[in-house]
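Hello,

Here is the structure I said I would hand over. Please have a look, and then read my notes below.

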There are 2 protein chains.
Amino acid sequence: MASSPVPGEHDMDLLFAGLAAQLPPGVVIDDPDILESYRRDRADDPKAGTPRAVARPTSAEEVSRILRWASANAVAVVPRGAGSSLSGGSTAVDGCLVLSTERMRAVAVDPVTRVAVVGPGLLNAELKAAAAEHGLWYPPDPSSYEFCSIGGNIATNAGGLCCVKYGVTTDYVLGLEVVLADGEVLRLGGPRIKDTAGLSLLKLFVGSEGTLGVFTEATLRLLPAQPKPSTLIATFGEVRKASEAVLAICGKLRPAMLEFMDRATINAVEDMLRMGLDRQAEAMLVIQSDAPGEAAGSEVELIAEIVGAVGAAEVFVTTDPHEGEAFVVARRAAIPAVERLGHLLLEDVGVPIPKLPDLIDGVRAIGAANEVTIAVIAHAGDGNTHPLIVHDPEDEDETRRAERAFGEIMDLAIRLDGTITGEHGVGRLKKGWLPDQIGPAAMALSRRIKTALDPEGVLNPGAIF
Amino acid sequence: MASSPVPGEHDMDLLFAGLAAQLPPGVVIDDPDILESYRRDRADDPKAGTPRAVARPTSAEEVSRILRWASANAVAVVPRGAGSSLSGGSTAVDGCLVLSTERMRAVAVDPVTRVAVVGPGLLNAELKAAAAEHGLWYPPDPSSYEFCSIGGNIATNAGGLCCVKYGVTTDYVLGLEVVLADGEVLRLGGPRIKDTAGLSLLKLFVGSEGTLGVFTEATLRLLPAQPKPSTLIATFGEVRKASEAVLAICGKLRPAMLEFMDRATINAVEDMLRMGLDRQAEAMLVIQSDAPGEAAGSEVELIAEIVGAVGAAEVFVTTDPHEGEAFVVARRAAIPAVERLGHLLLEDVGVPIPKLPDLIDGVRAIGAANEVTIAVIAHAGDGNTHPLIVHDPEDEDETRRAERAFGEIMDLAIRLDGTITGEHGVGRLKKGWLPDQIGPAAMALSRRIKTALDPEGVLNPGAIF
């Protein structure tokens, strides 16, 4: 088959100028200095491409024009929220148009219906703040909540610390406005808690990482403000005892947080915060109960009995939310603390929770074999771990070993009946492992759906597929 | 285009005999007496067709052979769990093969991972019982839980009474084995609480009503046993006050049950159970808190304050679970109680919860205009209502008026930004209204996906589409 002639630079300039002319001034930008800042996301991929332009639309109608133009001209579009992807989901490809939703940040809270209608560029923290003004709460809380966007959260089905009790992003998405690759604007769902009318298109778009459509509005479920939590901190001389404690707790109770830090993480955090953490502990759990009223205190007492029976080295309980918050801050500080040791490759593997100890042991062995430091934090109650692989990007050999460990950890998770990504998405960094996890039949079906929705393949090429 | 010749009866006999020969004896049945019992589901559609055969496979491999044969020969397949659909989702079409999963009822509870791996024909109550043996709980609780199957629950994304706090079926489906129309066997998800690897194919199949594939196994999330609830019963002189109470409660607290019965329902239940319900009340709420330990009692006390402030006529509170259960039994008895007044057309419309009073008022007006009795029960905390339209199927004129009311109630729900089905599915009875709710773009996209997955259109033709 003869290939069509590759358009020259001049033709491409004309093409992009044609798009700019269809949109209000300032929507399409091609200033090279500005383009540079849209090449990478938080995965900081050294192989990131350079976009030919960035579009910063302000409405679904503008997004529709952009995508109609892209499909008609087979131009790759990389959708981008706040650029906080850890798996390269919004890393630019050469010659693409980056479609940033950063200017679409409306937020309207309806306290009676208990929903928020938001633009995709709104930050998670901005939504939490808007909800709190009405005594309401948007639970999903990725560690990046202060600088990640709701659109990105929906695109990756983001999680966080409260998921162990309150679920992940998909559980809070009641409605979406989505622009398809051909520019069609679709409204799915709405402010209805239960709705099973027709195929679950809404849920298909959640977690689709910009490959099926671009979100232009979301209707999100809110809950009443979270009751004040009580907190329990437990340290363990062995990782396996901490895992046993996790299983024992989750079999009986529903904690609102159940976080794990290994020895390397504890020491990195202690280096940074100097709060008196036990540097000799092999594992530490940070557990919260938000049962209403006095019940939170009695629930952490029950948890104290359980971790004591399993053999915790030290147990500290507090019903004072501020005192408890200091330990949550310590847990949230884990990534920046470990980052002080070097550049991080941030994993996101998950396993069925009884396999947590095997995963953590295996990660240690992978670190040792590859001679790289790997600190492990985990949303332990969900079996979702973040091994943090430390390396010096200037050191080619160490970088190669870190990258090998990154892949070996995913291989291990798959062997343990786990997942390569619990909450960050596949993006570009993990797509090589996706077929090993989900198998050829699910890959083929995913491609059938992708082709049905985006026949030109313009939406986020290189992500997932 | 010349049409292909219609196969004669003899050809069809040969075709079905060919299927039977590929399967163990007893899987394919064509005894007319048995076929008769597979024509209808609980929607009891007088226009139900007659299947040419029923297949009762026992494995994914047998289901795969059946569907491969069906796609190759363009034979319609109507999947069926326990036949409890209220919207005609498993009503037979003439000449079809009914594929019943009733023999696939394995159940294995893994108490450490806190999942159950089940066959699609397992009844919801059987799963609850198996989980309870390990101190665990499968929350989704449709009123039909004693005689509905898990496969059907997944196919309709079924709900129930506890959804107001614990969510619907999709929130508990971690993994599915699905056979596609062409016989391909697909495994999606697994025993992992958080997993965002690849497109959300799993969620697309939940609620697909047998139109995209046949489930052959499900991996379901279990929770620790529900704490013993406290119960509050409140009666109201006006429906609007009951609705106000619902909004006020849900804005502050998370009850585990929040059910509504109108005056017609209260009286029907009282006629049947003689438990001393207030026949003069315009509305009654049955509310439970399952906060752990003593907190349930204090949570219902808070609820008592709220309903008192809104103007409840009478409030009764009990922390005794058995005493509370009597009122839950009364609520669950609503459908059989109203059924004693005549044949029911059972609605399932939902609205954003602030619009509940408008919906209930509107349903009353529709009942009056069409001169039919309509009793209303509701999962009020979810905005999901079941208007029960009473009629005598022997009375042609009344039946016509009841059917008109059925449609008018869906029109009303759509006008109120609601849904035609909160938890029963579209099936065959409601598909005429689906385009009005979701619009032409979502219909077109749904058809694109249906065609991508089932190009021959063999799976459950006439349902949804």
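Chain A and chain B bury about 6100 Å² between them in this predicted model. Carbon and sulfur atoms carry 62% of that area. The size of an interface is often given in this way, as the accessible area lost when the parts come together. The contact takes 85 residues from chain A and 85 residues from chain B. Which residues of chain A lose the most area to chain B? They are Lys194(A), Thr196(A) and Leu199(A). Together they make up 14% of what the chain A side buries.

Next, the polar side of the interface. Between chain A and chain B, 6 salt bridges are counted. There are also 24 residue pairs in polar contact across the interface, with both residues at pLDDT 80 or more. Several elements of chain A give two or more residues to the side that touches chain B, among them α6 (163-166), β9 (185-189), α8 (239-252) and α10 (295-310). Which element gives the most? It is α15(A), with 11 residues.

Glu423(A) pairs with Lys194(B), and their closest N and O atoms are 2.8 Å apart. Glu423(A) sits in the loop between α14 and α15 of chain A. Lys194(B) sits in the loop between β9 (185-189) and α7 (201-205) of chain B, so the pair joins two chains. Are the two partners buried or exposed? Glu423(A) is buried, at 8% relative accessible area. Lys194(B) is buried too, at 3%.

Now go to His424(A). His424(A) is in the loop between α14 (396-415) and α15 of chain A. At 15% relative accessibility, His424(A) counts as buried, because the cut-off for buried is under 20%. What does His424(A) touch, leaving aside its neighbours within four places in sequence? Its contacts in chain A are Leu86(A), Ser87(A), Thr156(A), Leu346(A), Glu347(A), Asp348(A) and His386(A). From chain B, Thr196(B) is in contact with His424(A).

Salt bridges come up elsewhere as well. Over all chains, the structure holds 52 of them. Here are some to look at.

- Glu282(A) forms a salt bridge with Arg263(A), with the closest N and O atoms 2.8 Å apart. Glu282(A) is in the loop between α9 (263-273) and β14 (283-289), and Arg263(A) is in helix α9, so the pair ties together parts that are 19 residues apart in sequence. Glu282(A) is buried, at 18% relative accessible area. Arg263(A) is partly exposed, at 30%.
- Asp141(B) forms a salt bridge with Arg332(B), with the closest N and O atoms 3.6 Å apart. This pair links distant parts of the chain, 191 residues apart. Asp141(B) is in the loop between β7 (136-137) and α5 (150-156) of chain B, and Arg332(B) is in helix α11 of chain B. Asp141(B) is buried, at 8% relative accessibility. Arg332(B) is partly exposed, at 23%.
- Glu9(A), Asp13(A) and Arg52(A) are joined into one network by salt bridges that share partners.

Then the backbone. Most residues other than glycine have a negative phi. Two residues of chain B have a positive value. Asp417(B) has a phi near 65°. Asp417(B) lies in the loop between α14 (396-415) and α15 (434-453) of chain B. It is partly exposed, at 36% relative accessibility. Asn460(B) has a phi of about 45°, and it is not a glycine. Asn460(B) lies in the segment after α15 of chain B. Is Asn460(B) buried or exposed? Asn460(B) is buried, with a relative accessible area of 2%.

Last, the surface. Which residues of chain B form a nonpolar patch there? Leu273(B), Met275(B) and Val329(B) do, with about 200 Å² of accessible area together. Val329(B) lies in helix α11 (residues 321-332) of chain B. Val329(B) is partly exposed, at 41% relative accessible area. A residue needs over 30% to be part of a patch, so Val329(B) qualifies on that count.

Best wishes

Key: Residues are numbered from 1 along each chain as its sequence is written. Chains are lettered from A and ligands numbered from 1 in the order in which they are written. This is a predicted model: local features need pLDDT of at least 70, side-chain atom pairs count only at pLDDT 80 or more; totals for chains, interfaces and linings use all residues. Side-chain values use heavy atoms; hydrogens and water are left out. Patches are made of residues with over 30% relative accessible area and no salt bridge: like charges are joined within 9 Å, nonpolar side chains (Val, Leu, Ile, Met, Phe, Trp, Tyr) within 5 Å. Accessible areas come from the Shrake-Rupley method with a 1.4 Å probe; for residues, only the protein chains shown count as cover. A salt bridge is a side-chain nitrogen of Lys or Arg within 4 Å of a carboxyl oxygen of Asp or Glu. Helices (H or I, at least four residues) and strands (E, at least two) are DSSP runs, numbered from the N terminus. Buried means under 20% relative accessible area, exposed over 50%, partly exposed in between (1.4 Å probe, protein chains only). Contact means heavy atoms within 4.5 Å. Buried area is the accessible area (1.4 Å probe) that two parts lose on being put together, summed over both. A polar contact is a pair of N or O atoms within 3.5 Å; within protein, one must be able to donate a hydrogen and the other to accept it, and residues adjacent in sequence count only if both atoms are side-chain atoms.
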